[in-house]
Structure formats: C-alpha cells, structure tokens
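Here is a friendly walk through one protein model. Please keep the sequence and the 3D view side by side as you read.

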Amino acid sequence: MPLSYSSSTESLAEDTTKHTIGTLSDEVKCTSDWITGLAVSGNNLFASGYDGNGVILSGKQGRVTGTLRCGSAALCVAHFGGRILTGDTNGNLKIWGHDNTLIKSLHLCDSGIKSIATWDGLAYATAGKAVFCVNINTCESEYTIQTSYSNNVIITEAAVLYTGGDAMSIKSYSTDGSKLRPMKSFKGMSSSVFSLAASKTILAAGGYDGYIKAWNLVTGAYFLSLKSHSSFVSGLQFASSGLELWSGSGDGYVKAWEVNSGSCSLIIDTASEITSIQLSEYSGKVHTANRSGTVKTFFIRNSVSGSSVSDFTPLQCTQTCKKIAEQEHAEVQAAFQTQLAAMQDSCLAKLDVLKAEKDEVAFENKRLHAVIKNLLIENQRLQNSGTLAVEVREGMALSDTEEERLASLNDEGLY
C-alpha cells in the first residue's frame, strides 16, 4: 500500500546526467530583477518581479503579453476568476482586472506579503505572523488571524489551509465557517519552511537545508525525509495524479519524485538559481523562474512510460484519472477499515473490562447476602436465648433440650 515505507534520507545530486530528460522549450526575459513567484491559469503564466513589475506570459506564444506596474517589489502572485493578485514588500495586496488595470490596492500591514493562496472567491495572504483574508470580488478585507512567522500558504481542495515559515513546523486551518479554525501542527522540519504542496493524501514541505519532508494526511504520520537538493527548496508541486512530486531549488535543478517509493524519476538542470516552479501537465511542460529575471520552460516526459505528457489523448487522461481515483478511494477505504477495526478492538476490550467488573459486583453482592443471612440467623438465635432466660427466671420447667441450651448459654456467658 502507498505511503507505508519507513522514513529515509537519500542524496541523488551526483546522478544528474543519468536522469536528465527535460528539453528547453522557451526562455523569456521578464523582469530586470529576480522573479519572486509564478502562477498558471490556462495558457497564461503570471510572474511577480522584485523590480516592481508583474508580467503576463502566453504559454502558447512563449512571450510577454502584458505588464502590471506594481510600484513596490512584488513578492508573490496568484490568480482567481479572471483577476490577478500581487503582494509586495510594503504590505500591499493589489487586485488587477483581466485588462491588466489595477482594481484596488489594500494595505494589509507594514511587512512584506510573502505568499497568496485563493479559494472560493477569497484570498489568503501571509505577512509576518498573520494571515489576512480578502474577498476577491468585493476587494475588501474580511478578517485577520495571528499565527507563527510564515513564508508560505497553500489551500487544498478539501478547503484546508496550511502555513509554514521560520518556526520549522506547518500549521493547518479549516476554512469552514466565517473564520479560519486551527486544526493541528505538523512537526519534523530541520530548517525553515521554504515551500509547501499538498495532494489529497500527502502534505510536503521544502526546507532551507534542501530537505523535503512529507506527512500522510490520512493518518497524520510523518513518513518521508529526502535530502533532495544541495540548496533551499524554492518550489514544490504535486502532479494531478498525486503520485509524483516536483521540486525546484536554488541549486538550479528541477526533480520529480515518485511518492510511493521516494525515488527520483527525473532531473532537469536549468543552469539557474530557481525561485519558483509551475507545472502545465496538459501541455507537458514545467515552468521555472530564476534570479536573473528569466522564465525557462521545459518539455517533460512521463517518468514511467517515457512518453510525453502532451501525447496522452483526452480518453487516456480520463482513464488515468479514473484509475487514480479508484486507487485513492481504495487507500482511504483501507485506512477507514483499519481505524474501524481499531475502534472495534477498543470497544471489545472495554466490554471485557465491564463484564469483569459486573462479575466482581455480582460476587460481592452474593457475599453480602451471605453475611446478612448469617446476621439474621445470629439475631434469631440471640432472641431465642433471651426467651429461654426469661422462662428460667420465672421458674418454668425446662425440657432436656432446653436444659442443654441453657448450659450452652452459661458457657458462652450469655446467661
């Protein structure tokens, strides 16, 4: 069953030429300074730049099609429902329209906004020790919660939000209801959290020390530790199947990891310090951003079959998704059955304890009944002894049996 293997640590950096499969597709100069973030929507790619500009690229044409004048150094970018969101070093969250015009700028705080995640018409932005919730449609701030210092925020299809930063742990929150509700923390990081990714069953975090750590979201267990890169892990993303995890690093490498085995299936040398990555599986590409202000796009191949992702037909994609869904359902069902069996064993054990306690109470009741019976008999004997004594005092004739009883009473000192 997937995710059942024990924690392991491995280094694969020395075997880069053997695994390198990616082919450079496009290389586009976007900003004059380093690119801080990437986001993908359909055929469009959005990049945020430390030079104060946001850039829109056409995935088909491989060129810049629009520019966002952010004013301050942009640290992150996100996209939702035809709107683009950027966060800058001055604590401003800016919302842009489809025509690249600024709709509204919200000053959320005085520290830089490090990351933005969007879900169901809401944007969640991390800055300092806070998470800010903003309504994307009304462009108004909803609420703020305090947390530990966070560099990253992501939100899953299950509407669970995760944050990670310098505290070397990841915190999760439920987005159900009007505000975020704290759930639990995931520990095991050996350095600051630089990147986060989650599938339906796995949470992964990339560290400043080059390690990737992973937790099983079904059981909550920490199960994987990989020395994946020689520098900080700047980007993580799961393939849609959930069976492959992609990572990018300051060491210039993009790597694909098989989740079930923890082995590296693909390595691409971008020859640049990577600051962010984004997968475009339908087109069979991975986009990388770097410190030189360039976006490099590489064709990628399926690590199992060797065929290009873009070679799959819609029918094959549907069949693959069906198989993946069936596998995930089987895994969840197996986990549920395991938990149910554990609950049944626990209930049976408690029933055994209750039965033993019941037997003990019954035995004690039986003993008490015997004591009470003996007391009643003794009380009756004493009453009879008193009656006999009265008869002797009144000079009544006693039978032989009564004479014996009287003698016994004298011996016992009762008469």
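## Confidence in the model

pLDDT is the predictor's confidence in each residue, on a scale from 0 to 100, and a contact means heavy atoms within 4.5 Å. This is a predicted model, in which local features need pLDDT of at least 70 and side-chain atom pairs count only at pLDDT 80 or more, while totals for chains, interfaces and linings use all residues. Residues are numbered from 1 along each chain as its sequence is written, and side-chain values use heavy atoms, with hydrogens and water left out.

The protein's average pLDDT is 82, and 79% of the residues score at least 70. Over residues 1–20 the pLDDT is below 50, and this stretch has 48 contacts in the model beyond near neighbours in sequence. Residues 302–321 also stay under 50 in pLDDT, with 20 contacts beyond four places in sequence.

A word on terms: helices (H or I, at least four residues) and strands (E, at least two) are DSSP runs numbered from the N terminus, and two strands pair if DSSP finds at least two bridges between them.

Four strands in the order β18-β19-β20-β21 make an open sheet with antiparallel pairing. β18 (193–198) and β21 (222–227) each have a single partner strand, so one side of each is left without a neighbour in the sheet. Strand β20 (residues 211–216) joins β21 through five bridges in the antiparallel sense, and lysine 213 stands opposite serine 225 in β21.

## Sheet β22 to β25

Another open sheet of four strands has the order β22-β23-β24-β25, again antiparallel. At its edges are β22 (233–238) and β25 (264–269), each pairing on one side only. Strand β24 (residues 253–258) runs antiparallel to β25, with five bridges between them. Look for tyrosine 253, whose bridge partner in β25 is aspartate 269.

## Salt bridges

Side chains of opposite charge can pair when their charged atoms come close. Here a salt bridge is a side-chain nitrogen of Lys or Arg within 4 Å of a carboxyl oxygen of Asp or Glu.

How many salt bridges does a search of the whole structure find? The search finds three. One of them joins glutamate 140 to lysine 104, with the closest N and O atoms 2.6 Å apart. This pair links distant parts of the chain, 36 residues apart: glutamate 140 lies in strand β13 (residues 140–146) and lysine 104 in strand β9 (residues 102–107).
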